[in-house]
Amino acid sequence: MFGDCSFCPCFGNLWSNGQADVDLDPILLVSGMGGSILNAKRKKFGFESRVWVRILLADLEFRRKLWSVYNPKTGYTESLDDDTEIVVPDDDYGLYAIDVLDPSFVLKLIHFTEVYHFHDMIDMLVGCGYKKGTTLFGYGYDFRQSNRMDKLMEGLKVKLETAYKASGNRKVTIISHSMGGLLVLCFMSLHKDVFTKFVNKWITIASPFQGAPGCINDSLLTGLQFVEGIASFFFVARWTMHQLLIECPSIYEMMTNPDFKWEKQPKIEVWRKQSSDGESSVKLESYGPVESISLFEEALKNNELNYSGNKIALPFNFSILEWAAGTREIVNNAQLPDGISYYNIYGTSFDTPFDVCYGSETEPIEDLSEICHTMPQYSYVDGDGTVPAESAKADGFPAIERVGVAADHRGLLRDKTVFQYIKKWLGVEQNTSKHSKASRVTSIPSNHDACA
C-alpha cells in the first residue's frame with residue numbers, strides 16, 4: 001500500500017506534520033519478535049551502531065555485539081561484549097524503531113520490503129488523520145528478553161501514559177503484532193489497573209498465543225532464517241541466529257503450549273539409527289511437547305560457540321525453561337478486563353510448520369547432537385507461514401470480531417484487507433485529499449466470510 005503520493009519511501013509521509021483529526025483516540029503500535037531496531041551502545045563513549053536489522057556486515061556485527069547469555073540472577077539476557085549495551089532508539093515517538101528496520105538510503109530507495117515492518121500501517125494511519133506524537137506512537141523493545149521483564153513492562157507503561165496524556169486523556173487503542181501480543185497480554189495480567197486506566201481497545205495480529213510449534217522447535221535446534229533468497233547471503237546466518245535464540249527467554253515463551261487442546265498435538269520426529277547385538281535398524285521416534293524437553297537437552301548438550309577465542313557452552317537452558325513456564329501460566333490464566341474491546345486478526349492460507357522431522361529412513365540420525373546440523377522436514381497446517389491459525393485465534397478471549405485474512409506473517413502488516421478491518425474498528429476513513437490514492441472503506445466481509 002503506497003499511502004501518500006511519495007514515490008520514494010525514504011521521503012516518508014508528506015502530511016505527517018499536517019493537521020490531524022483531534023477527535024481520534026491515540027494508537028500505540030507494538031512490534032513482535034525481531035520487529036524493533038536494536039542499537040549497540042558503547043558504554044564508555046555512548047556511540048551507537050545498528051546491529052538489528054542491518055544488511056551490510058550483518059553477520060559479523062551480530063556475532064560481535066548481539067550474541068548473549070542468560071543471567072539467571074537478573075532474569076535478563078546480557079550481551080557477551082561487556083563494553084556494549086543493547087538499546088532501542090525512541091526517535092519519532094517510538095515509531096522509528098518499528099518502521100523500516102534497516103533505514104539505509106539504498107534499501108529505502110529500492111523499497112526492500114523484507115525490512116519494512118510497520119511502515120505501510122503507519123502511512124495508512126497518518127492518512128486517516130492520526131498524528132505522530134499526538135495520536136500515534138510506537139513501542140519497540142529488546143525482543144531477546146522475557147515478555148514479562150520489568151524493563152519491558154515499565155517501558156510499555158510509560159508509552160501508554162504518554163499517549164494518553166498527549167491526546168488529552170483519551171484512552172489508547174493498542175495494535176500488536178506477533179510476539180507483541182504476548183507482551184501486551186503479560187502487561188494486562190500483571191498490571192491490570194494500569195491497563196484498564198489507559199486502554200480502550202486492543203487489536204492483535206498473528207500472535208502465537210499457544211506457541212508456534214514448528215518454527216520455535218526448529219529455532220531451538222537448528223536456528224532461524226529471517227530472510228530468504230539472495231538477500232540471505234548478506235544477512236545473519238541461520239547458525240549465528242541459533243546461538244542467540246538458545247539464550248532468549250522470549251523464544252522459550254513461544255514454545256508449544258502443552259495444556260492447549262490442539263486439534264492435533266504437535267510433535268518432533270527423528271529417524272534414529274538403532275544398534276543391538278551387532279544388528280542395525282532404523283526407528284522413527286516421536287516427541288510431544290513435554291517429551292521434547294529431553295530431546296532438546298540431548299541434542300544441545302555439546303552446543304558451544306567461540307567468542308573472542310573463548311569457548312562458551314550453550315546447552316538447552318533449563319533456567320530459562322523454568323522462567324518461561326511461569327510466563328505460560330500467566331498467559332493461560334489471563335482474562336480480559338471489563339470495558340476493553342478486543343479484536344483478533346490471524347493469518348490463513350499459508351503452509352505453516354507444525355510437526356518437524358530430522359533425518360530420514362535412508363539417512364537416519366545416530367547421535368541426537370547431529371540434529372543441530374540437519375535441515376528439517378516439516379508437516380504443515382493452515383496459518384500465516386509462521387503461526388498456526390488455531391494458535392493465533394485467542395479463542396479464550398471474548399472478541400468483538402475474530403477474522404482470518406489470507407496473508408503471511410509479516411505481510412499482514414501491509415495487507416489491504418487488514419487495513420480495512422482496522423479502519424472499521426477504529427471508525428475512521430482514509431484521507432481522500434490529493435495526497436492519498438486510497439478511497440473510503442466500503443463493504444467489509446462479515447466475520448464468517450473473512451474466516452472462510
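Tutor: Rings of Phe, Tyr and Trp (its six-membered ring) pair if their centres lie within 6.5 Å; planes under 30 degrees apart are stacked, over 60 edge-to-face, and the rest tilted. This is a predicted model, where local features need pLDDT of at least 70, side-chain atom pairs count only at pLDDT 80 or more, and totals for chains, interfaces and linings use all residues. Residues are numbered from 1 along each chain as its sequence is written, and side-chain values use heavy atoms, leaving out hydrogens and water.

Student: How many aromatic pairs does that rule give?

Tutor: The count comes to 19.

Student: Is Trp262 buried or exposed?

Tutor: Buried means under 20% relative accessible area, exposed over 50%, and partly exposed in between (1.4 Å probe, protein chains only). Trp262 counts as buried because its relative accessibility is 8%.

Student: Which residues have the most contacts inside the largest nonpolar core?

Tutor: Such a core is a set of buried Ala, Val, Leu, Ile, Met, Phe, Trp, Tyr and Cys residues joined through side-chain atoms within 4.5 Å. Here the largest has 96 residues, and Trp52, Trp202 and Tyr252 have the most contacts inside it. Another core lies apart from it, with 32 residues, including Ile98 and Phe419.

Student: What does the protein chain average in pLDDT?

Tutor: pLDDT is the predictor's confidence in each residue, from 0 to 100. The chain averages 89, and 88% of the residues score at least 70.
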